[in-house]
Amino acid sequence: MRVLIAEDEPYLADAIRDGLRLEAIAADVVHDGDSALENLAVNSYDVVVLDRDLPGTSGDEVARRIVAENLPCRILMLTAADRLEEKVAGFELGADDYLTKPFAMRELVVRLRALGRRPLEGAPPVVEFAGLTLDPFRREVYRDGRYVGLTRKQFAVLEVLMAARGGVVSAESLLERAWDENADPFTNAVRITISSLRKRLGDPWLIHTVPGTGYRVGGPTADDAANGPGLR
């Protein structure tokens with residue numbers, strides 16, 4: 001899961017980000033509405049944690065834009081506005097959930113995971129490809145009917161790869177979707193995670209390296225055979 005935190009109080013925003021990272025949830029932080037819209041234009045997020053009272057473009061306007069542009073993300077409004085009519089107004093703007101300050105970090109995490117399990121309209125609840133079955137709701141993976149236990153990061157990487165259905169996914173794209181914007185572009189985290197994921201899934205390996213391009217899920221191709229076992 002990747003989350004955008006739009007909160008104008010830097011201390012609170014950083015505390016939320018650090019708390020989410022402890023739960024293996026990638027989180028980016030912005031402190032005003034204009035920056036939130038800029039990030040939403042260039043990155044894909046599962047959930048936006050949105051303060052309604054943002055400087056510049058208001059949180060309410062950010063929510064309107066998300067709905068109007070049909071962006072593929074959920075909205076969790078996190079605000080001090082706790083009156084019933086304010087909550088109703090938030091949901092009418094397009095919020096999927098509403099949490100008032102002060103709040104417990106544990107509750108925020110649970111609410112985010114619940115939103116992350118809720119598919120957007122038209123999204124398949126279970127992905128099946130190349131003998132693999134990935135259930136994003138139960139966070140379970142099976143290979144030919146055999147359960148495969150994965151870490152959160154391994155699951156996140158496999159989810160991105162399976163969504164491509166055999167297409168090549170670059171290491172940069174994996175960093176963007178499974179980590180966050182602070183990830184070092186020169187890190188070897190993707191390679192290490194891919195290596196451990198292959199071992200978890202077992203033989204024959206299903207994740208192939210496309211030299212100079214990225215990774216893909218599926219059976220071996222003629223190009224794979226020509227390039228030899230080093231692809232694995």
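The crossing of helices H2 and H3 is right-handed. This is a predicted model, so to speak of its geometry is to speak of computed values. H2 covers residues 33-42, and its axis lies 9 Å from that of H3, at an angle of about 20°. With the limit for roughly parallel set at under 35 degrees, H2 and H3 are therefore roughly parallel to each other. On the H2 side, the residues in the contact are Gly33, Ala36, Leu37 and Leu40, and they meet Val62, Arg65 and Ile66 of H3. By class, that contact divides into 5 nonpolar residues, 1 polar and 1 charged.

Next, Asp51. The loop that holds Asp51 runs between strand S3 (47-50) and helix H3 (59-68). UniProt, in an unreviewed entry, lists Asp51 as a modified residue, 4-aspartylphosphate. Is Asp51 buried or exposed? Its relative accessibility is 4%, so Asp51 counts as buried. Leaving aside neighbours within four places in sequence, its contacts are Ala6, Glu7, Asp8, Gly59, Leu78, Thr79 and Lys101.

Lys101 comes up again in the backbone. The peptide bond from Lys101 to Pro102 is cis, with omega near -5°. Pro102 sits in the loop between strand S5 (97-100) and helix H5 (105-117). Another cis bond joins Asp203 to Pro204, with omega near -10°, and Pro204 belongs to the loop between helix H8 (189-201) and strand S10 (207-210).

Last, positive phi. Most residues other than glycine have a negative phi. Asp144, between strands S8 and S9, has phi near 50° and is exposed, at 66% relative accessible area. Arg165, in the loop between helices H6 and H7, has a phi of about 50° and is partly exposed, at 46%.

Technical notes: Residues numbered from 1 in each chain as written. Predicted model: local features only at pLDDT ≥ 70, side-chain atom pairs only at ≥ 80, totals over all residues. Heavy atoms only, no water. UniProt positions renumbered as here; feature names shortened; annotations may be inferred. Helix = DSSP H or I, 4+ residues; strand = E, 2+ residues; numbered from the N terminus. Buried < 20%, exposed > 50% of the residue type's maximum accessible area, 1.4 Å probe, protein only. Contact = heavy atoms within 4.5 Å. Axes fitted to C-alpha atoms, helices over the stretch in contact; angles between N-to-C directions. Parallel < 35°, antiparallel > 145°, perpendicular 65-115°, else oblique. Left-handed = near helix turned anticlockwise from the far one by under 90°. Nonpolar A, V, L, I, M, F, W, Y, C, P; charged D, E, K, R; others polar.
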